[in-house]
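Good morning, colleagues. Please look at the display as I go.

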Amino acid sequence: MFIKNAWYVALMAKDLSDKPMGRKVCNESIVFYRDAQGVVQAVEDFCPHRGAPLSLGRVVNGNLVCGYHGLEMGCEGKTIAMPGQRVGGFPTIRTYGVMERHGFIWVWPGEHAPDPGQMPQLDWADNPQWAYGGGLYHINCEYRMMVDNLMDLTHETYVHGSSIGQPEIDETPCVTKVDGDHVTTSRFMHNIEAPPFWKMALRGNGLPDDQLVDRWQICHFTPPSHVMIEVGVALAGNGGYDAPDDKKVSSVVVDFITPETETSIWYFWGMARKFNVHDQALTQAICEGQGKIFSEDLEMLESQQRNLLRCPDRKLLNLGIDAGGVQSRRVIDRYLALEA
């Protein structure tokens, strides 16, 4: 069901301060906290005394203290102390590979030793030439349904008609390619009117919003379930995707899809942009616009999931527009087979 020997985003780094925080990832209940040096640690969210969630406790001198009876855990999963008790024979709880990078806290829920080399390389992260804003949604749907949704943007015409959707998306064929574990679906539209979201972005970069544009959407899937989408518009006749920076607005839609259970996900969404990067008001406006767009996806996907649970034996159709999702699922299936 899940690829476990991989890095998933568990939290936004800014959300983990001096208190422990619990999160379920790939059906693993994990508690995250910062030790005395501020380094993130991750252990099983289970007190070996009476099974209480350690995430309901607190952090004292860099150690995790259970909120039920005061049992104190070290970062290696070994009980250190408990008021009035000898703890030498207490069982060890599981620890998890964890890493703080790019403003996120990543966790490795699998049994194999964590591989730092598998951490995604993000050109836009920690780069002063880019600005980033994003958020988090909890969505009650199976994680591969979100992959399908993001690897086929035809739905924008219908689900997001007031912001980024337009008929030309339907009318322009997409091309899907597979390079090893990397699946790409791309669509290029020429001499069209920019939809409302992109008109706002053009104005934010000091460009006119009443001229025809060339628009692009390039969706990149990489395992276990990450989707990065290159998007943007350029004033028509200036080279489209390859137009100079002063003739376009270009961004990367960031989608980290972290399975929680078989039918729920943590969806970390955002947009990294390469124009007018110091304008905080623009970052906020884009973030609010994106939040509304992704809330529309949330409603559709949760409704879809309820239908599929109600009719588990119904077979679904795969059309040409589904090629990106189909190929991404094949990559996931190959990884699952290797782990099995």
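**Aromatic pairs and the surface**

Across the whole structure, which is a predicted model, a search finds 13 aromatic pairs. Let me begin with phenylalanine 2 and tyrosine 143, whose rings form a tilted pair, 6.0 Å centre to centre and with 45° between the planes. Phenylalanine 2 belongs to the segment before strand E1 (8-12), while tyrosine 143 belongs to helix H1 (residues 143-151), so this pair ties together parts that lie 141 residues apart in sequence. Phenylalanine 2 is buried, at 8% relative accessible area, and tyrosine 143 is buried at 0%.

A second pair joins tryptophan 216 and tyrosine 241; here the arrangement is edge-to-face, with 5.7 Å between centres and 85° between planes. Tryptophan 216 is in strand E14 (residues 213-222), and tyrosine 241 is in the loop between strand E15 (226-235) and strand E16 (248-261), so the contact ties together parts 25 residues apart in sequence. Are these two partners buried or exposed? Tryptophan 216 counts as buried, at 3% relative accessibility, whereas tyrosine 241 is partly exposed, at 33%. Tyrosine 241 also has lysine 248 over its face, at 6.0 Å from the ring centre.

Ring pairs also link Phe104, Trp106, Trp124, Tyr132, Phe256 and Phe268 into a cluster. Elsewhere, the charged end of arginine 273 sits over the ring of phenylalanine 275, 5.7 Å from its centre.

Leu317, Leu319 and Ile321 make a nonpolar patch of about 310 Å². Leucine 319 is placed in the loop between helix H5 (280-310) and helix H6 (323-339), and counts as exposed because its relative accessibility is 53%.

Note on methods. Residues are numbered from 1 along each chain as its sequence is written. This is a predicted model: local features need pLDDT of at least 70, side-chain atom pairs count only at pLDDT 80 or more; totals for chains, interfaces and linings use all residues. Side-chain values use heavy atoms; hydrogens and water are left out. Patches are made of residues with over 30% relative accessible area and no salt bridge: like charges are joined within 9 Å, nonpolar side chains (Val, Leu, Ile, Met, Phe, Trp, Tyr) within 5 Å. Accessible areas come from the Shrake-Rupley method with a 1.4 Å probe; for residues, only the protein chains shown count as cover. A salt bridge is a side-chain nitrogen of Lys or Arg within 4 Å of a carboxyl oxygen of Asp or Glu. Helices (H or I, at least four residues) and strands (E, at least two) are DSSP runs, numbered from the N terminus. Buried means under 20% relative accessible area, exposed over 50%, partly exposed in between (1.4 Å probe, protein chains only). Rings of Phe, Tyr and Trp (its six-membered ring) pair if their centres lie within 6.5 Å; planes under 30 degrees apart count as stacked, over 60 as edge-to-face and the rest as tilted. A charge sits over a ring if NZ of Lys or CZ of Arg is within 6 Å of the ring centre and within 35 degrees of the ring normal.
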